[in-house]
Amino acid sequence: MPGVVWVAGRPAPADRSILLTDEEALFDLLLGRIVLAGSGTIAPVDPAIEESDALLMRRGGLERRLLVEELMAFLRTKGVGGASLQLSSTTFATGAAKDAILAAISAPEGWRVEAETTFGGRAKVSGRQLLAAQGLNAPATGSIRLRATSPDDATSVVQSFAVSVVGAPVADTVAPIVTSPKTFTVAENTSFETTLVADETVTWAKVAGADAALFTLDGAKLSLAARDYEAPSDADANNVYRVNLTATDAAGNVTPFTIDVTVANVLEGALPTITPTSATIAPTLAAGSLVLDLPAKVEGEARSFLTGSPLATDNRFTFSTAGKLIVGAEALAGGTINGTVRQTREGQTFDTAVTITVALPMGRPMLASSRLQALSSRVQVTSSDTYKMRYIAEWTSLWTEYGRSFALAAWYGNEQPLGNDWPIKAMVLEVNDVKYNLTYNGQEAFTISDGTAIWTDELPVVIPANSVIRVGVADELAVGQYRPSQGPVFLPRSVVQTSSGRGDAILSSGTASQVSALKSNTGEGFTNTPGIVIMDGLPIMSTARPYGTASIAQATAGLKVGDSIGWGDRTQGMPFGILAEDLGASGFLGHAFNTLPGGRIPFANLCVPGTRLPDLTLSPTPVGVQIKGFDKRRALLEAKGWPYDFILCEMGLNSATNGTATSVVADAKAAHAQLKSMGSKRVIQTLLLPCSVSKDEGTNADNAFLYSSPDASKQVRQAGASIDAFNAYIKGTPSDVDGYIELASAIESSPGSGKFAAVANQQGRLTADAASGQKVVTVNFAVQPGDGIILNPGDTTQAEAKDIQSVVNNGNGTWTLTFRQNLAKAHTANTDTGVVTAAGIYTFDGIHVVTQAARRLKERMRANALQFDPRRAPVPPSGSALVTINSFEPVTVGGEAIFVKAS
């Protein structure tokens with residue numbers, strides 16, 4: 001036979017002869033890796049080479065035939081394969097059960113033994129024992145190859161054994177045991193595959209079932225295509241896919257087996273960003289109504305709405321299935337809710353702050369001031385007040401409000417340009433001692449162009465009824481420029497007090513920014529020093545929206561237009577009806593609005609000294625230093641939708657004294673038509689007050705500078721024909737006038753006289769001399785603070801008028817008076833009671849009223865509450881005369897007659 005050569009995983013040389021190391025030779029022998037020379041490749045030899053096989057060894061010209069066992073013995077002499085493997089038996093009897101011990105294995109101590117072939121799956125190795133891998137039920141022959149490996153894995157020995165099963169066949173009645181797991185879990189969108197395992201050779205099959213069609217079985221390989229957790233396709237839609245199987249062995253024994261594959265959810269996508277984070281809703285929203293249209297929840301995400309400190313669940317709001325914030329089960333109340341939306345998922349927690357404003361119904365803007373007034377003059381900036389801040393306090397209305405806004409104007413008088421732009425550095429509204437920044441177009445600092453005006457942005461804050469607010473302004477101007485001003489205003493101290501006891505106004509100025517002082521101010525108000533300018537550059541009007549159904553039903557407001565009498569400010573040391581116990585700087589009309597029996601009515605005081613009726617219409621062309629028009633103020637009011645219910649017109653005296661009976665009526669018709677066009681509101685006109693000058697006692701000449709005497713015989717009525725014509729026109733029910741208020745009779749010396757009466761029980765004499773420059777005198781009659789007094793009336797040389805700051809009752813029939821200003825002249829006490837050296841009066845100058853008259857006029861105004869707000873005064877008693885449609889009829893309310901046109 002041809003010879004053989006060794007090949008050990010390497011190409012054969014040209015002569016097909018290879019020199020092998022001892023280990024290579026032993027290795028190839030045991031594996032049977034040989035090639036028959038000259039006959040092509042037969043590798044590997046199967047069955048394995050046996051020890052009795054003969055091999056032809058050739059080298060050079062020599063050759064030798066030897067048995068494999070001889071070669072192995074030779075190799076062992078060379079130190080290779082010294083370790084040996086032995087079986088205690090190679091013949092096994094039929095009937096051996098699975099796991100039965102077939103033979104013991106001999107191997108070096110500590111070496112690992114493994115089966116490389118298994119006698120057709122009939123045998124297996126466990127430690128040093130050869131076991132039956134299955135029941136041996138029939139005779140069989142074959143081989144098994146074992147490998148022993150040293151502990152250091154450096155050396156191994158392989159040995160093949162011829163084995164056989166002998167004996168009569170034994171019937172197989174034992175069902176196979178399936179060792180595969182019964183349950184599996186796989187992530188969604190991932191395919192599943194497993195190889196089925198039994199304790200013997202079996203045939204696998206699927207049994208019909210609800211999910212069987214979804215599985216694929218290929219031999220022992222079972223698979224399931226990827227499944228979506230959110231869209232389960234198993235029969236009961238619970239993401240558990242079940243397949244029933246059978247395992248059948250060669251003897252036909254069958255084992256049923258069920259496998260469940262659970263598809264697990266995989267959280268998809270990141271937590272979404274919570275947006276929007278704010279909303280305004282009505283308290284009447286039903287449960288389930290949308291509040292915040294939030295992004296949809298992702299898988300595994302939970303949301304909760306929390307408030308408070310520490311955060312806790314707030315059941316006023318909850319979430320829809322999709323994750324939208326909706327109204328919950330608990331009732332909502334007006335106000336701002338600062339809450340937290342909490343997102344959680346698999347241990348993650350993320351909080352987002354949200355703001356929910358539960359807004360009650362809001363009405364239209366309404367005038368909301370109790371004391372602001374027109375800027376009648378301007379003041380020039382000096383080197384010491386280039387920066388300035390000032391506050392003024394007032395009350396809010398009787399109704400809860402929202403959206404407070406202020407009008408600021410870079411003009412003065414009747415819309416005369418200021419002469420320069422007005423740069424505002426900051427504005428603050430202080431509500432019950434809490435400060436809020438005011439803005440214009442969203443900006444804290446802004447500039448108002450010369451001759452223009454603006455409304456600040458509405459403040460998104462709910463202000464309770466009857467709150468004390470202070471509005472403050474800080475600006476910056478250059479030396480020589482102008483600020484708008486109220487003129488030399490006297491403002492009583494602590495007329496309006498904040499909840500912390502602060503007074504009603506304060507200012508600071510200097511050469512450095514006053515913004516910080518504005519925002520941190522906690523100062524007291526001014527003391528009673530005359531001539532202080534504290535209202536320069538403050539707002540001229542304010543509006544707010546009634547907040548809530550009750551407030552909307554209750555709210556009312558008025559617009560006041562007129563001249564210096566309605567303006568009510570202080571000039572020439574005359575208080576014009578300012579009362580320390582009432583509001584400062586608003587006159588008797590403002591006092592009335594703020595002390596009505598049914599509660600205050602907010603208003604805007606757009607009266608300007610010197611104003612005439614044509615100023616409302618600009619036709620004919622106005623004349624006079626301060627008379628320039630009304631169109632810009634009208635535009636401001638129109639921008640807020642005419643924020644009032646009535647217009648009180650206190651105007652006409654300047655037109656009457658500078659015109660004729662014919663012209664004043666024509667001017668009145670045009671003015672009232674203009675007022676009616678401003679929102680078609682109720683127009684109420686005051687009839688004109690007395691107007692007179694006093695005669696000089698020595699010359700009997702008219703002398704306005706001697707002040708008005710309390711003696712009507714010493715007064716000369718002024719412009720009587722024009723005043724009477726105006727009053728008669730108003731009483732004649734003109735189409736654009738809805739009511740009128742008759743005031744003159746409260747202070748006239750006699751009805752229709754047009755002269756001022758004396759103040760009853762307020763005249764007498766000085767009881768001690770008073771020197772020039774002093775402020776304190778003693779008299780023998782009772783007076784009140786704020787009253788006006790004339791010393792030496794009618795005396796060209798000595799006549800002097802003063803208003804009283806304080807009064808002390810001495811208890812002996814005398815009263816000590818302190819004036820607001822020093823006496824300019826000396827006055828001598830006179831014991832002759834027939835000579836009046838001091839007297840209480842209703843006017844200092846024959847036109848403007850002082851405190852004594854203001855008290856009377858305020859009460860007359862208060863009696864006309866029905867004109868301002870028909871809800872506030874009782875209806876006429878049953879049986880009284882009805883008001884006819886085209887005439888004014890008197891209605892008695894509180895003992896006073898009011899005149900209103902039927903509607």
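**Exercise 1.** Which residues do ring pairs link into a cluster with Phe-593?

*Solution.* Keep in mind that we're working with a predicted model.
- Start with the total: there are eight aromatic pairs.
- Take one of them, Phe-593 with Phe-603: the centres are 5.2 Å apart and the planes make 40 degrees. Stacked needs under 30 degrees and edge-to-face over 60, so this pair is tilted.
- Now place the two rings. Phe-593 belongs to helix H6 (residues 587-594) and Phe-603 to strand S44 (residues 603-605), so the pair ties together parts ten residues apart in sequence.
- Both Phe-593 and Phe-603 are buried.
- Follow the ring pairs onward and you get the cluster: Phe-593, Phe-603, Phe-646 and Phe-868.

**Exercise 2.** Work out whether the salt bridge partners Lys-124 and Asp-99 are buried or partly exposed.

*Solution.*
- First, check the contact: the closest N and O atoms of Lys-124 and Asp-99 are 2.6 Å apart, and the cut-off is 4 Å, so a salt bridge it is.
- Next, locate the partners. Lys-124 is in strand S9 (residues 123-126), while Asp-99 is in the loop between strands S6 (91-93) and S7 (101-106), so the bridge ties together parts 25 residues apart in sequence.
- Then read the accessibility: Lys-124 comes out at 30% and Asp-99 at 42%. Buried means under 20% and exposed over 50%, so Lys-124 and Asp-99 are partly exposed.

**Exercise 3.** Find which salt bridge partner Glu-401 has, and say whether Glu-401 is buried or exposed.

*Solution.*
- Glu-401 pairs with Arg-404, with 2.8 Å between the closest N and O atoms.
- Glu-401 has 0% relative accessibility, so it counts as buried.
- Arg-404 is buried too, also at 0%.

Definitions and conventions: Residues numbered from 1 in each chain as written. Predicted model: local features only at pLDDT ≥ 70, side-chain atom pairs only at ≥ 80, totals over all residues. Heavy atoms only, no water. Phe/Tyr/Trp six-rings, centres within 6.5 Å; stacked < 30°, edge-to-face > 60°. Helix = DSSP H or I, 4+ residues; strand = E, 2+ residues; numbered from the N terminus. Buried < 20%, exposed > 50% of the residue type's maximum accessible area, 1.4 Å probe, protein only. Salt bridge = Lys/Arg side-chain N within 4 Å of Asp/Glu carboxyl O.
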